[in-house]
2 protein chains.
Amino acid sequence: MRLSKRERQKKLQLALEHEPFLTDEEMARRYGVSIQTIRLDRMELGIPELRGRIKHMAEKNFDHVRSLYPEEVIGQVTELKLDHSAVSELEIREEHVFARHQIARGHHLFAQANSLAVAVVDAELVLTATASIRFVRPVKLGEKCVAKAKVTQVSPSRTQVDVQTYVMDETVFQGIFDVYRSKEDQ
Amino acid sequence: MRLSKRERQKKLQLALEHEPFLTDEEMARRYGVSIQTIRLDRMELGIPELRGRIKHMAEKNFDHVRSLYPEEVIGQVTELKLDHSAVSELEIREEHVFARHQIARGHHLFAQANSLAVAVVDAELVLTATASIRFVRPVKLGEKCVAKAKVTQVSPSRTQVDVQTYVMDETVFQGIFDVYRSKEDQ
DNA sequence: TACTGAATTAGTACTTGGTACTAACACGTG
DNA sequence: CACGTGTTAGTACCAAGTACTAATTCAGTA
């Protein structure tokens, strides 16, 4: 057996997200299995056929052109005191969650916190150096995450920022960010 | 004659711009002509068939939407051994960097590593619990980040995954992920 | 009115990328 | 040995076409 069934299916799923234009034939060739096996895999994974996938993509972008474009800060900044504190809000939408169980992917919470930590520091060049983070509880579709950043330490080239993210008054995420700052301190 | 040939062709062309998902059959029905007439019209106007049109639309928007859309794994998975190791590649593009100095935002590197750490674990429900990360050196526009994940510890409900990300053979990011895993391990 | 050329329709064979289904085989394990 | 899982093979069928040939219709004119 070249690959276990689970591995093949996982790879298949991932490959299709990246290259949705693959035919069953091409996938069968890639994994060295028969076309029927690929079809069975798609069935089990609930992946529609090539034309369905293509059509879905085309439709999706045709009528509602989503503009979730590279934002400077992930989420909406509601408070900002440079080198002191900041707050941002992020509502968890479809594009943030795992389709299966509607739980937000960790890196979106991280992105909200990280970009806020970077934004609160007043310098030309600000980069995250290290971070220690904790996902306290899963966040679900529709919940609003309020991230609160506080600057806790400042040294010549580093700033430490603590971020706590809440849903209502429950903590869902904690992070300590050690942020590098260029000397042209503005 | 219901409509002159010229009129029909003009209408057809305009209709397709607005509703590119029409089949020849549907158009034939609408204009009260045979399917062959519609096909001849498309030939003369140089309009490709339905599938070609759909595919073209999907392709056009694919590159654009790709980086913004919920991918299971950020970057392209090149190796995957479930519960053992995995590798993914991510090329740093415009949308990943700070416009000012062309340095990648930390959360994209995090996202690549985090999603890989989650993907390598073989379970129904996998969530990041905690992580300790370090951005070793800034990554610039155009660089290709290769993230290598290794499972280092497995306990009943947790898996520890270490991720190192390289540009060429230089480490740019390190992360230790403690990942929660649901018991329905199969 | 008959004729002609353009326009239209009809019909066949073939293609792609599948679905849906049935049957057979391979093999690892109790 | 039988059993189940996984895999492969093969058939009939489908949508939405292409490519091609042939027949029919129609409009305007000699």
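Select A:Arg8 first: a polar atom of its side chain lies 2.6 Å from a phosphate oxygen of DNA strand D. Such a pair is a polar contact, meaning N or O atoms within 3.5 Å; within protein, one must be able to donate a hydrogen and the other to accept it, and residues adjacent in sequence count only if both atoms are side-chain atoms.

The model is predicted: local features need pLDDT of at least 70, side-chain atom pairs count only at pLDDT 80 or more, and totals for chains, interfaces and linings use all residues. Residues are numbered from 1 along each chain as its sequence is written, chains are lettered from A and ligands numbered from 1 in the order in which they are written, and side-chain values use heavy atoms, with hydrogens and water left out.

**Along DNA strand D**

Next, select A:Lys5, where an N or O atom of the side chain is 3.2 Å from a phosphate oxygen of DNA strand D. Then move to chain B and select B:Arg42; here the separation between a side-chain N or O atom and a phosphate oxygen of DNA strand D is 3.0 Å.

Of the atoms of DNA strand D that come within 4 Å of the protein, 72% belong to sugar and phosphate.

Switch to a cartoon view, in which helices (H or I, at least four residues) and strands (E, at least two) are DSSP runs numbered from the N terminus. At least two residues of the surface come from each of helix 1 (5-18) and helix 3 (35-45) of chain A, and helix 3 (35-45) and helix 4 (50-66) of chain B. Helix 3 of chain A supplies the largest share, 3 residues.

**Domains of chain A**

Select 5-63 as domain 1 and 76-181 as domain 2 of chain A; these bounds come from an automatic or database domain assignment. Their C-alpha centres lie 35 Å apart.

**A loop in chain B**

Finally, select B:Met168, in the loop between strand 5 (158-167) and strand 6 (170-181) of chain B. Although not a glycine, B:Met168 has a positive phi of about 55°.

How values were computed
A residue is near a molecule or strand if one of its heavy atoms lies within 4 Å of it.
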